[in-house]
Structure formats: structure tokens, C-alpha cells
Amino acid sequence: MKSKKSEDFKIPPDKYREILRNIRLKEIVLLNANIKSNRDNFAKSLKVDINLSSSSFQKHDDNVDIDIKCRLVAFEEKKSHYAILMESFYRMSIIAGEGFDEDFFEIYKEINLPVNIWPYFREFIANTSYRMGMPPMTLPFYKT
């Protein structure tokens, strides 16, 4: 997710914090996963590209569902010649009060959503890489 500057957002920080205080996590579930490994492309040193994305949310009364795609590609030179490709698709369900709208979501998906989903993706990568017969891949802390 690309980071935006605070002046790019349509609601002020204090209003954002007020709405955020009223949000409660209901659940995060793994909807789907895609895992591929190409051992012919394994190398001593691999580059890793990670992408987290969510472009929309669905609101049902006070419940909000956000679908999130997390993707890791490990490669030596070109992403298309990957050694490892792991994707996981999650649904985060939250209970939100008033104010959870498009303007709020534009900020939330940039600031809080990556921090909220990161531990789940880290665990998925570590566990899956181990089950693939590789040393467990430990992703670093998420930093903005």
C-alpha cells in the first residue's frame, strides 16, 4: 500500500481518531490462499516483494467487511521467474459506529489496516514456508 500524506485525506486527524476509537474487531478469516514454489528458481539470495491491498469495504448496518489481499513473491532477478509465490485473502469483519464511510476508509486502509492484518500474514508465511520444506520465513515488523 502506498502511503499518502495527511493533507491528502478528507477528514481531520482528530475526527479520524474519534471514529477509530469506536471500531471493534469481530473476526479475521482466511478466505483463500494461493501457494506456488518453483525450486528451479531457488537461489542463495532471493529478493522479496510484499504487497497488501484492499480497495473497498461493504457496510451492513453497523458491521463492516473488508477484503484484503496479501502477496509475497520471492525471486532472484525477475518477479515473473519467482521461486516462491504466496497469496492469502482475508476478510476482516468489524463493528463500526457512525462515520465509517469512504473518506474514513481511505485513511484506514493506508494507516491502520496494514498494521491490523500484518500479524496474520506473517504467521501464514512462516507456517506455510515451513510446510513447504523450507526454513520458516519470518517477516519483519510492519513499519510505515
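Of the 144 residues of the chain, 35% count as buried, where buried means under 20% relative accessible area, exposed over 50% and partly exposed in between, with a 1.4 Å probe and protein chains only. This is a predicted model, in which local features need pLDDT of at least 70 and side-chain atom pairs count only at pLDDT 80 or more, while totals for chains, interfaces and linings use all residues. Residues are numbered from 1 along each chain as its sequence is written, and side-chain values use heavy atoms, with hydrogens and water left out.

**Overall fold**

- The chain has 2 helices and 5 strands, taken as DSSP runs numbered from the N terminus (helices: H or I, at least four residues; strands: E, at least two).
- Their order along the sequence is α-β-β-β-β-β-α.
- A box of roughly 50 × 30 × 20 Å along the principal axes holds the C-alpha atoms of the chain.
- Contact is defined as heavy atoms within 4.5 Å. Among contacts between residues at least 6 apart in sequence, 73% join residues at least 24 apart.
- The accessible surface of the chain is about 9,100 Å², and carbon and sulfur atoms account for 47% of that surface; the areas come from the Shrake-Rupley method with a 1.4 Å probe, and for residues only the protein chains shown count as cover.

**The largest pocket**

- The largest pocket has a volume of about 170 Å³.
- On a 1 Å grid over the protein atoms alone, a pocket is an open set of points with protein on both sides within 12 Å along at least five of seven lines, whereas a cavity is a set where a 1.4 Å probe fits but cannot get out; lining residues have an atom within 4 Å of a point. Grid points are joined across faces, edges and corners, and the volume is the space filled by probe spheres set on the points.
- The lining consists of 10 residues, and I50, L52, W118, Y142 and K143 lie nearest the centre of the pocket.
- Strand 2 (47-53) and helix 2 (102-131) each supply at least two lining residues, with the largest share, 3 residues, coming from strand 2.
- By type, the lining divides into 8 nonpolar, 1 polar and 1 charged. Nonpolar covers Ala, Val, Leu, Ile, Met, Phe, Trp, Tyr, Cys and Pro; charged covers Asp, Glu, Lys and Arg; the others, Gly among them, are polar.

**Serines of strand 5**

- S88 is found in strand 5 (residues 82-95) and counts as buried because its relative accessibility is 0%.
- The side chain of S88 makes a polar contact with the side chain of Y90 at 3.1 Å. A polar contact is a pair of N or O atoms within 3.5 Å; within protein, one must be able to donate a hydrogen and the other to accept it, and residues adjacent in sequence count only if both atoms are side-chain atoms.
- Leaving aside neighbours within four places in sequence, S88 is in contact with L30, N32, A33, I68, K69, C70, F121 and F124.
- S93 is also in strand 5, and its relative accessibility is 8%, so S93 counts as buried.
- The side chains of S93 and D65 are joined by a polar contact of 2.7 Å.
- Not counting residues up to four places away in sequence, S93 touches L25, K26, E27, V64 and D65.

**Helix 2**

- F121 lies in helix 2 and is buried because its relative accessibility is 0%.
- Beyond residues up to four places away in sequence, F121 touches I50, L52, C70, R71, L72, S88, Y90 and L139.
- F121 and F141 are 20 residues apart along the chain, with 11 Å between their C-alpha atoms.
- S129, also in helix 2, is buried, with a relative accessible area of 0%.
- The S129 side chain reaches the backbone oxygen of I125 at 2.9 Å.
- D103 is found in helix 2 and counts as partly exposed because its relative accessibility is 27%.
- Leaving aside neighbours within four places in sequence, D103 is in contact with K10 and I11.
- D103 and Y16, 87 residues apart in sequence, are 9.5 Å apart in space, C-alpha to C-alpha.

**A loop residue with positive phi**

- D61 sits in the loop between strand 3 (57-60) and strand 4 (63-75), and its relative accessibility of 72% means that D61 counts as exposed.
- Phi of D61 is near 55°, a positive value in a residue other than glycine. Most residues other than glycine have a negative phi.
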